[in-house]
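Here are my notes on the model you asked about. Keep the viewer open while you read, and click on the residues as they come up.

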Amino acid sequence: MKTISENRCFGGVQGVYTHASDATGCDMTFGLFLPPEAEDGPVPLLWYLSGLTCTHENAMTKAGAQAWAAATGIAVVFPDTSPRGEDVADDSAYDLGQGAGFYVNATQAPWAPHFRMWDYVAEDLPRLLFANFNLEEERQAITGHSMGGHGALTLAMTYPGRYASVSAFAPIANPTASDWGRKQLAAYLGKDEAAWAAHDATLLMHERGFDGPMLIDQGASDQFLDLLKPEALAGAIATRRQQASFRMQKGYDHSYFFVSTFMEDHMAFHAEALYG
């Protein structure tokens, strides 16, 4: 692991680091905010998964998470959204290839050698973080925006007991029924739609739900509502009687102005679960 930068931030440290990933077979970059309490001992960890076209940097600089993380004594990690490099497959479209890993383990050419973002977030990066930083493995939570909201929800429901809480900002909620999902899942996982189900939050909600509290914010003026399909997930939550708050926020779109507006609420939500 190499340190790219470390900056003092709200009494803590905002770092950027790079490392060789076993999961993706290339160098990966991530941001990590450590609150002041990390100087004295391990602190809880919140995962923030970003959306299409993003790197580790977007949420790190635009979401406004650090102030609230410092106030609650929680670390926040900002992984990249895909493998990158000259030898990594890519596509001319913004929603496939580099910047669009969709948090799955690809099985199809040309994506399979590097596009293993599920293993990267679930196994590879956690192993590195807990070995090198003052973080509590027993106290984790997860959130994300758009494609990252999809990743946060599917990971949380797949690993019961790992995350104390899960939240999402405008998640891709039903990708197997959306053009933001069917295209990518077919490319990465093949045409057998049975293989897609493990990466659809709505289907997972019907099948198993989440063993903790859930918070979802969706902008009512989101320009991508037809692609996100929030109504499908809301219906699944109601059917399962999942412990959840699903909020439609009037007038808000899909941007980081939306995310930053409600970041305080999400940080307080996760702090209550992590410290409760």
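**Notes on the predicted model**

1. Let's begin in the sheet. Strand β4 (residues 43–49) and strand β6 (residues 135–144) run parallel, and six bridges join them. If you want one spot to check, find L46, which sits opposite A141 in β6. Bear in mind throughout that this is a predicted model.

2. β4 has another partner to look at. It pairs with strand β5 (residues 75–79), again in the parallel sense, over three bridges. Here L45 stands opposite A75 in β5. How many of the residues in β4 are buried? Seven of its seven are, so the strand is mostly covered, going by the cut-off for buried of under 20% relative accessible area.

3. Now zoom out to the whole protein chain. There are nine helices and nine strands in its secondary structure. The C-alpha atoms fill a box of roughly 50 × 45 × 35 Å along the principal axes. A compact globule with 276 residues would have a radius of gyration near 19 Å, and the 17 Å of this chain agrees with that. Of the 276 residues, 58% are buried. As for contacts between residues at least 6 apart in sequence, 72% of them join residues at least 24 apart.

4. Next, the inside. In soluble globular proteins, nonpolar side chains tend to be buried together. In this model the largest nonpolar core has 90 residues, and F30, L129 and Y188 are the ones with the most contacts inside it. Which helix gives the largest share of this core? That is α3 (residues 117–132), with nine residues.

5. An α-helix has 3.6 residues a turn, so residues three or four places apart point the same way. Just after the helix, have a look at R241, which takes a positive phi of about 60 degrees.

6. N174 is in the loop between β7 (163–169) and α5 (179–189). Is N174 buried or exposed? Its relative accessibility is 11%, so N174 counts as buried. Its side chain makes a polar contact with the side chain of D200, at 2.9 Å. Setting aside neighbours within four places in sequence, N174 is in contact with D200, T202, L228, K229 and A232.

7. The other loop residue is G64, between α1 (57–62) and α2 (65–72). G64 is partly exposed, because its relative accessible area is 34%. Apart from neighbours within four places in sequence, G64 is in contact with A59 and M263. Also check F257: it is 193 residues away from G64 in sequence, while their C-alpha atoms are 9.9 Å apart in space.

How values were computed
Residues are numbered from 1 along each chain as its sequence is written. This is a predicted model: local features need pLDDT of at least 70, side-chain atom pairs count only at pLDDT 80 or more; totals for chains, interfaces and linings use all residues. Side-chain values use heavy atoms; hydrogens and water are left out. Buried means under 20% relative accessible area, exposed over 50%, partly exposed in between (1.4 Å probe, protein chains only). Helices (H or I, at least four residues) and strands (E, at least two) are DSSP runs, numbered from the N terminus. Two strands pair if DSSP finds at least two bridges between them. A nonpolar core is a set of buried Ala, Val, Leu, Ile, Met, Phe, Trp, Tyr and Cys residues joined through side-chain atoms within 4.5 Å. A polar contact is a pair of N or O atoms within 3.5 Å; within protein, one must be able to donate a hydrogen and the other to accept it, and residues adjacent in sequence count only if both atoms are side-chain atoms. Contact means heavy atoms within 4.5 Å. The radius of gyration is taken over C-alpha atoms; the globule rule is 2.2 Å times the number of residues to the power 0.38.
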